[in-house]
Amino acid sequence: MSVVRISDDALALACGADEVAAAFERAGYKVERVSSWGMHWLEPLVDVDGMGFGPATPEDVAAILDGSSVKAIGRIEDHPFLARQQRLTFARAGKTRPLSLEDYEATGGWAGLKRARSLEPAQVIADVTASGLRGRGGAGFPAGIKWKTVAQTQGERKFIVCNADEGDSGTFADRMLMEGDPFALIEGMAIAAHGVGAGQGYIYVRSEYPHAIAKLEAAVALAAALVAPFRIELRKGAGAYVCGEETSLLNSIEGRRGEVRAKPPLPAIEGLFGCPTVVNNVLTLAAVPHILAEGGAARYAALGMGRSRGTMPVQLAGNIRHGGLFEVPFGISLRELVHDIGGGTASGRPVKAVQVGGPLGAYIPPERFDLPFDYEAYAAADALIGHGGIVVFDESADMGRLARFAMQFCAAESCGKCTPCRIGSTRGVELIDLIRAGGRQADSVELLPQMHNARKSARSREENLVLLEDLCETMHDGSLCALGGFTPYPVLSALRNWPGDFG
Amino acid sequence: MLWYTENVERSERLKGIVAEHSGREAQLLPILHAVQSAFGCIDAEAEAFVAQALNLSRAEVHGVVSFYHDFTAQPDTRPEVQLCRAEACQARGIEAMVAAAEAVAGDRVRLKAVYCLGLCSAGPNARVGDRLHARLDEGSLVRLIESV
């Protein structure tokens, strides 16, 4: 009898996967719970001997079993959404049971760690450097150089910290990886530990991801003997967005307020508990097992464009018809991602803007959709790749309101340590409100003759806009971390491309 | 310390939580999570107890409690519905549903805005306990709030 495979990824569960699985079990079928293929508009996606049906409901079960279902999508692996991808980090997505060591090993699991442990630590780092892997959390710092710094720094103890505080709206690749292939992350951390000589690792997961936490806890326990003497501990965040910033994350693990630390010293030199620490994103560490497998570094380096090597798990989100996880080599254009692959908006209305890189990323208008997915190309365009999330907005979006939201979000989530972020964001909200309301007149106190320095005439719209740009420049140049530093990107990109939305 | 003797059961539970986490490094956050989930809040008494147990000042513990959104100083026994109001859910129309959600929630249900549940291709999304809900429209969101 055929085995029915249904994902137990949080998104599939939120769309009713458990109910569909229960219906198949009632019909006498054995249901295997696997990771998600990442075709989110088809979830819950039912896989019967490689043939797909979705989005399925319990009422569809009879038709799926007798072959008359209108929700058939054919062979899953041949689906155009998957056929166009090149999956390395997400090679197991949809195919394996997340907590099965047997499945993991049968699909090449632990090969990278075995090979790494047969090499000198310096050679492990050389492989990572040669692959061109850069940090996937947003900053794009070369992973090999970070590891080398930690390896060369003297320290009684060293740590591997996995940043799994995926707070950016429009991103879910870390969550899918942790829920779907947790052993890959553990293997990547163990390889890093061998490379730099660390004995202990921490995974800092945000509290908004209960399913990922449960899976990781189980996976860490199952794999403990395999990665020993390296130990991994899980730490749950407590709802602070800023803890995705690496130094604030370290403070949070240490049990302090999640305030950003001034750099230098870099965490690679003085990180967790003052010891040399590798802080890498989930996707960075999960890419490592592939790179350390025989010939993996060269295969990885052969993909991509410019200084952005390898693949990026792009996340298609927001108002998009075919949303989900799309892993491709760097260099793909936004037009391909949004229109050819994503199928345009879910609402059917024209695309107005996309925000790439989370709440701190720039809004990009359709005229600039030729921009290739590459760290340097985005930086040159005053935009961010960030964690690779793409949020699509249709023409009903009010860009002035979204610019205000960016400032408001920064004000709510600022750790409070530096002034440009803490106060600038609040002034930014006020200023955008003022501009959208058409300015304000001087009040009675300002008009008093003894208020020599107060303006007597209202600021014009142009003067207010200059003030907003000035404020953004101060935040960009003066903030300690990316929260205050990059909030100007969504604000200014919205202002420059859609000035009409600002009143 | 009066409260210590007055509320033996409560302090026994606090002691238990602290003991469970002893022996490992930097346990403040895990302890605070456990206190929040056991009592529904971290009040001044609990702060003082944890501070003493970990040899920290009350100010240090209070600073941490007040920094994080997940920790609250007062208990709220109402059922909670977390509604994602981040950009991706905004792009899928959550803002237009908020008024209806607030109307049906009233004082009975606590509606909490959260910024991203990680289901950004299938919004608007909500979370009740550890159960997630995706692809909500106004009708299903209202029914969800009514059902908690």
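**View 1. How chain A splits into domains.** Domain bounds here come from an automatic or database domain assignment. In this predicted model, chain A falls into domain 1 (3–83), domain 2 (101–301), domain 3 (304–394) and domain 4 (399–501). Taken over C-alpha atoms, the centres of domain 1 and domain 4 of chain A are 49 Å apart.

**View 2. The open sheet of chain A.** Five strands line up here as S2-S1-S3-S4-S5, with mixed pairing. Strand S2 (30–34) and strand S5 (72–75) of chain A sit at the edges with a single partner strand each, so one side of each has no neighbour in the sheet. On average, neighbouring strands are turned by 25 degrees against each other, direction ignored. Helix H2 (residues 17–26) of chain A packs on this sheet, touching strand S1 (3–7), S2 and strand S3 (46–48) of chain A. The direction of H2 makes about 170 degrees with that of S1(A).

View 3. Strand S4 (residues 51–53) of chain A and S5(A) run antiparallel, joined by three bridges. Look for Met51(A), whose bridge partner in S5(A) is Arg75(A).

**View 4. A mostly covered helix.** In helix H22 (residues 488–497) of chain A, eight of the 10 residues are buried, among them Tyr489(A), Val491(A) and Leu495(A). The cover includes strand S14 (351–356), helix H17 (399–413) and helix H20 (461–478) of chain A.

**View 5. Where chains A and B touch.** Chain B brings 32 residues to the contact and chain A brings 46. On the chain B side, helix H3 (28–39), helix H5 (58–67), helix H6 (87–91) and strand S4 (131–133) of chain B each supply at least two residues. That side of chain B has 19 nonpolar, eight polar and five charged residues.

Note on methods:
Residues numbered from 1 in each chain as written. Chains lettered and ligands numbered in written order. Predicted model: local features only at pLDDT ≥ 70, side-chain atom pairs only at ≥ 80, totals over all residues. Buried ≥ 20, exposed ≤ 12 C-beta atoms within 10 Å, placed from the backbone. Helix = DSSP H or I, 4+ residues; strand = E, 2+ residues; numbered from the N terminus. Contact = placed C-beta atoms within 7 Å. Nonpolar A, V, L, I, M, F, W, Y, C, P; charged D, E, K, R; others polar. Pairing = 2+ DSSP bridges. Axes fitted to C-alpha atoms, helices over the stretch in contact; angles between N-to-C directions.
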